[in-house]
Every structure is written in C-alpha cells, then in structure tokens.
Amino acid sequence: MKYKSSKRKRKILFLSTNHTTINEHINLCNLLDERFDKYLYAFESLENYYIDKSISVIESIDSNKSKLKLTRNETSFIKSKILERIKLLIVNTSAYYLLKLNTLIKFEKSKIPKANSLFNHLEQCVVPDVVVVPNDRSEILILLLIKKFKLRNIKTVIVP
C-alpha cells in the first residue's frame with residue numbers, strides 16, 4: 001500500500017526508560033512505515049545503539065542525563081528497606097501510614113518541576129499525536145508526563 005502525500009504524517013513519540021525499552025522501541029519504530037514521523041527520547045545513553053535515520057532522536061535537556069535517569073537510586077532503595085523494617089515492627093497503625101504517605105508526597109512532589117521541564121522540552125521538539133511509554137507503574141515522572149499529554153489531548157499508548 002502506497003502512502004498518499006496529501007495526508008499529514010502522524011507523529012509518534014517513544015519514551016524509553018531503560019536499555020530493554022530502548023531496544024523494544026527501536027524495533028517498534030522500524031516496523032512503522034513512512035506514514036509516521038518517529039521520535040525517540042531515552043532516559044539512558046544511546047551511544048551503543050544503531051538508530052535508523054528515519055527515527056528522530058530527541059536529545060536530553062540535561063547534559064549529563066543523570067538528573068532524569070529513571071534507574072532506582074540506591075539511597076531510595078535503602079530508605080524503602082528501612083520503611084519495610086519499620087512496618088514489620090509497628091503494627092498497622094494509622095500514624096505509620098500517615099508518616100509513610102507524608103514522606104512519599106514530599107519525595108514525589110520534588111519530581112513535578114522535572115516533569116514540567118521535560119514536557120516543555122518534548123513539546124518544543126515535537127508535538128506528537130501519540131506517545132508510547134513502556135509502563136505506568138514504576139516511575140512517577142512517567143505518570144506526570146502521561147497526565148500532561150492527556151491534558152493536551154495527546155493519546156498515550158502503554159506497551160508493557
């Protein structure tokens with residue numbers, strides 16, 4: 001089937017969070033034909049990947065990319081382990097859950113400015129018709145981006 005040049009190309013943005021999703025998203029991009037403009041934003045380094053010239057790579061807004069990395073921070077892992085131990089010691093009390101909720105809210109609120117700046121950067125580079133994300137459960141930054149895209153009536157596809 002040939003592509004009609006009179007129709008507008010649909011823009012698809014792939015948000016890749018780690019090495020596995022980068023590989024999967026590049027494969028998905030390669031399956032799409034010329035009816036689509038394909039854009040890739042990766043939170044990891046793309047040095048070791050061959051990316052076809054038909055896929056536009058959106059560079060990170062940070063020069064070192066460490067601030068927007070989605071890999072789990074060792075200190076947050078230790079904090080979560082400590083919270084698990086406290087949870088085992090303290091019986092299901094409302095005070096414990098209020099404390100945990102309060103720390104989670106403070107920690108996650110700090111990511112809102114990052115999500116806003118990343119969304120603005122992605123919007124300047126490309127206004128996509130569809131955004132493909134690897135999941136909606138692991139990182140609050142992805143959830144905030146999904147919400148922003150939804151507010152702009154941009155469809156989000158979650159490919160686990």
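Q: What does Lys111 touch, not counting residues up to four places away in sequence?
A: Lys111 touches Glu139, Ile140, Leu141 and Leu144, where contact means heavy atoms within 4.5 Å. Residues are numbered from 1 along each chain as its sequence is written, and this is a predicted model in which local features need pLDDT of at least 70, side-chain atom pairs count only at pLDDT 80 or more, and totals for chains, interfaces and linings use all residues. Side-chain values use heavy atoms, with hydrogens and water left out.

Q: Why is Lys111 called buried?
A: Buried means under 20% relative accessible area, exposed means over 50%, and partly exposed lies in between (1.4 Å probe, protein chains only). Lys111 has a relative accessible area of 15%, so Lys111 is buried. Lys111 sits in the loop between α3 (94-109) and α4; helices here are DSSP runs of H or I with at least four residues, strands are runs of E with at least two, and both are numbered from the N terminus.

Q: How far apart are Lys111 and Ile140 in sequence and in space?
A: They are 29 residues apart in sequence and 7.6 Å apart in space, C-alpha to C-alpha.

Q: Why are α4 and α5 called oblique to each other?
A: Helix α4 (residues 112-125) and helix α5 (residues 140-151) pack at about 50 degrees, with axes 9 Å apart. Axes are lines fitted to C-alpha atoms, for helices over the stretch in contact, and angles run from 0 to 180 degrees between N-to-C directions. Under 35 degrees counts as roughly parallel, over 145 as roughly antiparallel, 65 to 115 as roughly perpendicular, and the rest as oblique. The two helices are therefore oblique.

Q: Which residues of α4 and α5 meet?
A: From α4 come Ile112, Lys114, Ala115, Asn116, Leu118, Phe119 and Leu122, and from α5 Leu141, Leu144, Leu145, Lys148 and Phe149.

Q: What makes β3 and β5 edge strands?
A: The open sheet has five strands in the order β3-β2-β1-β4-β5, with parallel pairing. β3 (55-57) and β5 (155-158) each have a single partner strand, so one side of each lacks a neighbour in the sheet.

Q: How do you know that β1 and β4 pair?
A: Pairing takes at least two DSSP bridges between two strands. β1 (residues 10-16) and β4 (residues 130-133) run parallel and are joined by three bridges, so by that rule they pair. Within β4, Val131 is the bridge partner of Leu13.
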